[in-house]
Amino acid sequence: MPVEFFRCLATCHTVATKGEESPETIRYLATSPDEAALVTAAKNFGFFFFRRTTTSVCVRETNVEKMGMFHDVLYDILNILEYSSSRRRQSVICQYPDGRLVLYCKGADNVIFERLADGNDDIKTKTREHLENFGAAGLRTLCLAYKDLSLHAYKSWNEKLIEAKTSLKDREEILDEVAELIEKDLVLIGCTAIEDKLQAGVPSCIETLSRAGIKIWILTGDKMETSINIAYACRLINNDMKQLIMSSETDDIREIESRGDQVEIATYMRAAVKNQLKKLLEEAENSQQSYHPNLALVIDGKCLTYALDPSLRGMLLNLSLDCSSVICCRVSPLQKAQVTSLIKKDAGRITLSIGDGANDVSMIQAANIGVGIIGLEGRQAVMASDYAISQFRFLTDLLLVHGRWSYLRICKVVTYFFYKNLVFALTQFFYTFQTGFSGQRFYDDSFQTLYNIIFTTLPVIAVGLFEKDVSASLSKKFPELYKEGTRNTFFKLTVWMEVAVVSLFQSLVVYYFVVASSTNSVHSSGKMLGLWDVSTMAFNCLVVIVNLRLLLMCDAITRWHYTSVGLGLLAWLAYILVYSGVYSKGIYSAFCVSASTAYFYVTFLLVVVVALLPDILYKGVQRWFFPLNYQIIQECHGHEPDQSSALLQIRNQLTPDEARSFQVAQLPRETNTGFAFDSPGFESFFGEKAGVYAPQKAWDVARRASMLRPKPKTPRRD
């Protein structure tokens, strides 16, 4: 049995080789790091896979009876039933040199156990115990099985496989059905466990996002025990939370599944899931009223299949929304997308999905926002996502810093556009009452054209690029500020009403103050001011007021804000001087004539002050007596320097434990050793040399002894 175990690891894969065919220098190229680790483990135990062709693999096997002796074995690979997210297993059919036909299969434990032959209860029970122990330790597990095939049975099945491959309709479904015909009555060999270490900063990142009011769900294909262990490591679950568990791994369900009647299994599972949902909903309602306000829902893939039924998905949604954390384990990529759509469409929430592998693509595409992590699982998730990051902990900067700043900038840009165009339109609207709605325009055509293109454009660009209420370090220090976005603080109806009132008031001041003051005014030639003199004066006041109010809207005024406002006003002044000096109709010399009178300057100062003074007083009273959260932080921490060294640079402050973990990760280590537990880097030894504390692990001693190689003896010199 141990020989079959390692032969399965050495042959059941799609790994390619690179480099010299020696154990020390060969490199394995795999689609996933787990597959490369398993092949490397087989190599370390004496089953060295070193060559692959289109139809065969070469394995250098150690002689079990005569230690130190080895021989090369050529296995003909007849068929490869590749891994897929729906199958969740991989199989190969290989032929030994002596003609023996064997099917090797590896996959998820629930998938393999469903396809095992009767008997061998002892190894099944022992393997289940090992799987539970590995899962509790946070390891990723796989089960291995094999089956001897007769030549006649293989030929008959292979004909069906060829027909399925040539099918033009529903080819994938037909191939899966044909694979089911041979992947049954398997003999269990054992299981493997691989450590799936968290990246540096993941626990603190999840904890920070939780403080920001973001609900975090884990959708994973790992076992329930492994998923719960990972959730504890991520601080998504703590001891104060009450766990609500929906599992299909019960004695009653196993007994029903052992009978093999699919109709009976489906009927029983649907009824069992419905009863569990009702029970957990009542338990959640009672817990909300007691001392257990924080709940965590843990559900496996089988239960989720029936819980997503249209008749039960409403109960699942209500239960999920009552929980602080939700963990879905042993789920397929399709189920990940279904759960995401459940929250997005049925609950009407904004969803963000983040993943690093091809099995996360459907989930990323189903969410409102998709984030891909560039890692060892390939680039499929990155290619399907809206944003790409290199590590999970950068999600804090993406959401709490740049995402929040982006929301603030968009809100201010949109409201400012609404404000400045409403003020401009209302002044013309008031003029129509004096013209009897005749259609006579108040402003010159060129003023209307260039108002949004030149005179008020640069300040808006400055706000869209540089506006921020607090620094990046304070945004991460106080993640509760993110809740202002979820509550839509800066884009709700009251904000629009406030902008509309301000626009109405300022347009009244600009129009009626200028018109009323020009009734008895004359210029140096003794003539009364005409339409173009008054409208030019009103437009001059309007441009200045709109640009200055932008500075009142900003929380962080930089030199770019001052520069943009100054350039906008200079552009207006230069244009009106040139335009009124060369244009011979109506507007000719209107600005120069008006500017030569005291009326121009008195009215200009009066209109600007009266229009902006109420806004200044309102903002002062609001900030002093009714401050928002970010304004309080500005007052308390505004003097602190921004710790970010560049505008768009992402910086992360690691805790001492995270900093030590990062230093340990940089220590010298050997890679691709195949050990399930932490990579054998002799961290305690190298850490002592580098001045980094790295506690010694129990398995390091045995591992060092197993990896020692005898030194060549040098001849003594007489």
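Ser353 stands opposite Gly370, a residue of strand 15. The model is predicted. A second bridge places Gly355 against Gly372, again in strand 15. Strand 14, residues 352–355, and strand 15 are paired in the parallel sense, over four bridges. Both belong to an open sheet of three strands, with the order 14-15-16 and parallel pairing. Strand 14 and strand 16 (387–389) form the edges of the sheet. Each has a single partner strand, so one side of each lacks a neighbour in the sheet. On average, and with direction ignored, neighbouring strands of the sheet are turned by 20° against each other. Helix 16, spanning residues 395–434, packs on this sheet. Helix 16 touches strand 14, strand 15 and strand 16, and its direction makes about 155° with that of strand 14. How enclosed is strand 15 by the rest of the structure? Strand 15 covers residues 369–373, and four of its five residues are buried. Strand 15 is therefore largely enclosed.

Two helix pairs were then examined. Helix 5 (residues 151–165) and helix 6 (residues 171–182) have axes that come within 9 Å. These axes cross at roughly 170°. Angles over 145 degrees count as roughly antiparallel, so helix 5 is roughly antiparallel to helix 6. On the helix 5 side, the contact is made by Trp157, Lys160, Leu161, Ala164 and Lys165. Helix 6 contributes Arg171, Ile174, Leu175, Val178, Ala179, Leu181 and Ile182. By class, this contact holds nine nonpolar and three charged residues, with no polar ones.

In the second pair, the axes of helix 9 (residues 251–259) and helix 10 (residues 262–288) come within 8 Å. The crossing angle is roughly 160°. Helix 9 is therefore roughly antiparallel to helix 10. The crossing of helix 9 and helix 10 is left-handed. From helix 9, the residues in contact are Asp252, Ile253, Ile256, Glu257 and Arg259. They meet Glu264, Ile265, Tyr268 and Met269 of helix 10. Here the classes are five nonpolar and four charged residues, and no polar residue takes part.

Single residues were considered next. Arg7 lies in helix 1, which runs over residues 2–11. Is this arginine, Arg7, buried or exposed? The relative accessibility of Arg7 is 17%. Buried means under 20%, so Arg7 counts as buried. Apart from neighbours within four places in sequence, Arg7 has contacts with Cys12, Phe47, Glu61, Tyr75, Tyr96, Arg100 and Tyr104.

Most residues other than glycine have a negative phi. Arg88, however, has a positive phi, near 60°. Arg88 sits in the loop between strand 5 (70–81) and strand 6 (89–95). With a relative accessible area of 12%, Arg88 is buried. Asn488 also has a positive phi, in this case near 55°. The loop that holds Asn488 lies between helix 20 (483–486) and helix 21 (493–517). Asn488 is partly exposed, at a relative accessible area of 29%.

Note on methods. Residues are numbered from 1 along each chain as its sequence is written. This is a predicted model: local features need pLDDT of at least 70, side-chain atom pairs count only at pLDDT 80 or more; totals for chains, interfaces and linings use all residues. Side-chain values use heavy atoms; hydrogens and water are left out. Axes are lines fitted to C-alpha atoms, for helices over the stretch in contact, and angles run from 0 to 180 degrees between N-to-C directions. Angles under 35 degrees count as roughly parallel, over 145 as roughly antiparallel, 65 to 115 as roughly perpendicular and the rest as oblique. A crossing is left-handed if the near helix is turned anticlockwise from the far one by less than a right angle, and right-handed if clockwise. Contact means heavy atoms within 4.5 Å. Ala, Val, Leu, Ile, Met, Phe, Trp, Tyr, Cys and Pro count as nonpolar, Asp, Glu, Lys and Arg as charged, and the others, Gly among them, as polar. Buried means under 20% relative accessible area, exposed over 50%, partly exposed in between (1.4 Å probe, protein chains only). Two strands pair if DSSP finds at least two bridges between them.
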